[in-house]
Amino acid sequence: MKYDTLIIGGGLAGLVCGIRLQEAGQRCAILSAGQSALHFSSGSFDLLNRLPNGQEVTEPLEALNALPSGHPYQLIGVERVKRFAAEVPEWFRQSVGVNLQGAVGRNHYRLSPIGIVKPAWMSFDEFTPVFKPEVVPSNKVLLINFEGFLDFYPKFIADWMIQNGGRCCVKLINLPAVEKLRVNPTEMRATNIARVFESKRQLEKLVAEINRSITDEEAVLLPATFGLTSMEPIEYLRAQCRKPVYFVQPVPPSVSGIRTQQRLQDRFMALGGDFFLGDRVENAIFEENRITGLRTHNHGDILFHADHYVLATGSFFSNGIVARPNLVYEPVLGADVYYDASRESWFDKSVFNPQPYMRYGILTDEALHPLREKQPISNCYAAGSILSGYNPLEEGCGSGVAILTAFDVSDKILSSK
């Protein structure tokens, strides 16, 4: 099978890259071995929350020059990062139908499931940006949870609101359609609750219960368990509840992340892209420093061929890179990997400290060509969390690197014609 570009990895980086290439007229395929990390999304995209020295960042675009030379943003180039970042909100709105809330040049704050305020860059449509960490939605809040839903922690959130000068009343709601999920504890998850509220009849019952529960509260706070396939349930709640409605992300699976993943995937395929879910690339065929074909698990002797290839398989989480007792390697292309030779240097014994292994990933040249035996693979690019030189968790830049390297790689491929 022959394509203009083959993308290995169907997560955020791979899909953004594929959509941009398809929009420009290329014929692309994405080979995806499994679920995207968007299924575990916080409901926000981060650009840069902290510098490697731990200094908090409030204006991420102004802090780019302080990053070390090997950071993916430095490889892209500071001015290109700024240009791409400015394009992101409108691109997601027009190309994917995802509305992002926030300011391009300034981080805002989001409330986590355990009542901790964390910085973010762009948040999905149901989450309201807050630009001061101590600001609560209202002085008097009705905080609602579904009885038996253990992935949401009202007490922690209520304590945070009280500490910041608000008043919070916690209410447990028990609806028969949700109660049915409790027969099996594993069914009482955010995604299954969201499926219940795909029904307008169930939404009407929920709204009636919420409106009956409101006394003198000025706002309603709900777990983000609505809108698995569209924003309609969220819009209905906002329109029908007697008070403004806000949402807090529960622990994964992430309803907003799954919805965004599905919209990205649908857009890619609507543009004519081929999406091969559940097909693992087993190895690549090389002639000198060029890939001439890919062999996958499902297609056996049928090879995939392309003019360009993009490696976007992720990090340890998705087996984009793999750790063995004394070795870290990249399993698809055999690309060179940055890691410490001594295993004792891979981690910090304190789980709360930055972990060195989070910076591990493949090595590339300045054009994001993966290195293999110290030589760049000339018709291949790397994007997303497979890259080395940064700590996505500690620096708060994982989704930003995924999106902006995808922008950069797709531009490089299109300009190479």
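Reply: Cys380 counts as buried, at 1% relative accessibility. In this predicted model, the closest cysteine sulfur to that of Cys380 belongs to Cys17 and lies 11 Å away, too far for a bond. A disulfide is a covalent bond between the sulfur atoms of two cysteines. With a cut-off of 2.5 Å between the sulfur atoms, the count comes to 0 disulfides. Cys168 is accordingly in no disulfide, the nearest cysteine sulfur being that of Cys169 at 7.3 Å. Cys168 is also buried, with a relative accessible area of 15%, a value to be read against the limit of under 20% for buried residues.

The sheet may be considered next. Three strands, in the order E3-E7-E4, form an open sheet with antiparallel pairing. Strand E3 (44-45) and strand E4 (100-101) stand at the edges; each has a single partner strand, so one side of each is left without a neighbour in the sheet. Strands of a sheet pair through backbone hydrogen bonds, either parallel or antiparallel. Between E3 and strand E7 (residues 122-124), which run antiparallel, there are 2 bridges. Phe45 has Met122 in E7 as its bridge partner.

Definitions and conventions:
Residues are numbered from 1 along each chain as its sequence is written. This is a predicted model: local features need pLDDT of at least 70, side-chain atom pairs count only at pLDDT 80 or more; totals for chains, interfaces and linings use all residues. Side-chain values use heavy atoms; hydrogens and water are left out. Two strands pair if DSSP finds at least two bridges between them. Helices (H or I, at least four residues) and strands (E, at least two) are DSSP runs, numbered from the N terminus. Buried means under 20% relative accessible area, exposed over 50%, partly exposed in between (1.4 Å probe, protein chains only).
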